[in-house]
2 protein chains.
Amino acid sequence: MRLPVERAMEVCPVEVAVSVLGGTWKLTLVKHLLAGTRRFNELGRLVPLANTKTLTRQLRELEEDGIVRRTSYPEVPPRVEYSLTESGRSLEPIVKAMDSWGAEFAERYKG
Amino acid sequence: MRLPVERAMEVCPVEVAVSVLGGTWKLTLVKHLLAGTRRFNELGRLVPLANTKTLTRQLRELEEDGIVRRTSYPEVPPRVEYSLTESGRSLEPIVKAMDSWGAEFAERYKG
DNA sequence: CGGAATCCAATTCGATACTG
DNA sequence: CAGTATCGAATTGGATTCCG
C-alpha cells in the first residue's frame with residue numbers, strides 16, 4: 001500500500017480506494033475471486049505474469065485489508081483456498097466498471 | 001505507469017485500467033476535474049499532499065493517456081488550464097464508485 | 001504562475017532457488 | 001502444493017531550489 005490510509009483520508013476517499021486497491025494484480029485477483037473460491041496455484045495460472053512472491057504479498061495485503069479470506073487446510077499436500085469477504089464482494093461494481101473501461105482504453109490504444 | 005499497457009492487456013482489462021489510473025493522486029485529480037476546468041495551482045491546493053514535481057508528472061501522464069487536456073495561455077503571468085477529455089469524463093462512474101467505496105472503507109478502518 | 005532541475009529515500013517488483 | 005529466502009534492478013515519491 002503506497003499511501004497510508006490515514007493520509008489518503010486527509011485528501012480524498014478516492015485516494016483511500018486507490019491506496020488499498022492500486023497494487024499490481026490486486027483488482028485482477030478480486031475479479032477472479034468474484035467468480036468463486038480459488039486455490040493459490042489456480043490464481044497463479046490466472047495471473048501468469050505474477051511470480052509467487054508478488055502473488056503472496058498482494059493476497060496477504062488484501063487479507064489484511066479485509067477484502068480476501070484465506071483458508072488453510074491441514075492436509076498433505078497442503079491446500080489453501082482464497083475467497084472474498086463481504087467487503088471484497090462489494091468491489092464488484094468497481095471491478096466491472098474498470099474491466100469495461102480498460103477494454104475500451106486498450107482498443108483505442110491499439111488503433 | 002507501472003505496467004506497460006501491452007503487458008497488462010495480456011492478463012486482464014482490469015489491469016490496464018489499474019496501470020493507467022493507479023498512480024497516486026491521479027483519480028483524485030480526475031475527480032476534481034469532473035467538477036470543471038482547473039489551473040495548476042488550484043489543483044495543487046485541492047491535493048495538498050502532492051508537491052509540484054509529482055503533480056506535474058501525474059498530469060503529464062494523464063495527458064499522454066488522453067484523459068486530461070492541457071491548455072497553455074501565452075500571458076504574463078502564465079496561465080495553464082487542465083480539463084478532461086471525453087475519455088476522462090468516461091471515468092465518472094469509476095470515480096464515483098471508488099469515492100463511496102473508499103469512504104466506507106475509511107469508516108470501518110477507523111472504527 | 002507554472003513549472004523544471006537536482007538529489008535522495010523508500011518502495012516495489014522480479015528472477016531465482018529452495019522447503020515443509 | 002503453497003509458499004519463503006535472498007538479492008538486486010527499477011520505479012517512484014519527496015524536499016528543496018531555481019527560473020522565465
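Me: How many salt bridges are counted between chain A and chain B?

Reply: In this predicted model, chain A and chain B bury about 4000 Å² between them, with 73% of that area on carbon and sulfur atoms. Polar contact does occur across the interface of chain A and chain B, where 10 residue pairs are found, both residues at pLDDT 80 or more. For salt bridges between chain A and chain B, however, the count is 0.

Me: Which helix of chain A gives the most residues to the side that touches chain B?

Reply: The contact takes 46 residues from chain A and 46 residues from chain B. On the side of chain A that touches chain B, at least two residues each come from helix 1 (5-11), helix 2 (13-21), helix 3 (26-34) and helix 7 (92-110). The element of chain A that gives the most to this side, with 13 residues, is helix 7.

Me: How many residues of the side of chain A that touches chain B are nonpolar?

Reply: The residues on this side of chain A include 10 that are charged and 7 that are polar. The nonpolar residues of this side number 29.

Me: Which side chain of chain A has a polar atom 2.9 Å from a phosphate oxygen of DNA strand C?

Reply: Sugar and phosphate account for 69% of the atoms of DNA strand C that come within 4 Å of the protein. The side chain with a polar atom at 2.9 Å from a phosphate oxygen of DNA strand C is that of Thr54(A).

Definitions and conventions: Residues numbered from 1 in each chain as written. Chains lettered and ligands numbered in written order. Predicted model: local features only at pLDDT ≥ 70, side-chain atom pairs only at ≥ 80, totals over all residues. Heavy atoms only, no water. Near = heavy atom within 4 Å. Polar contact = N/O pair within 3.5 Å; in protein donor to acceptor, adjacent residues only side chain to side chain. Contact = heavy atoms within 4.5 Å. Buried area = accessible area lost by both parts, 1.4 Å probe. Salt bridge = Lys/Arg side-chain N within 4 Å of Asp/Glu carboxyl O. Helix = DSSP H or I, 4+ residues; strand = E, 2+ residues; numbered from the N terminus. Nonpolar A, V, L, I, M, F, W, Y, C, P; charged D, E, K, R; others polar.
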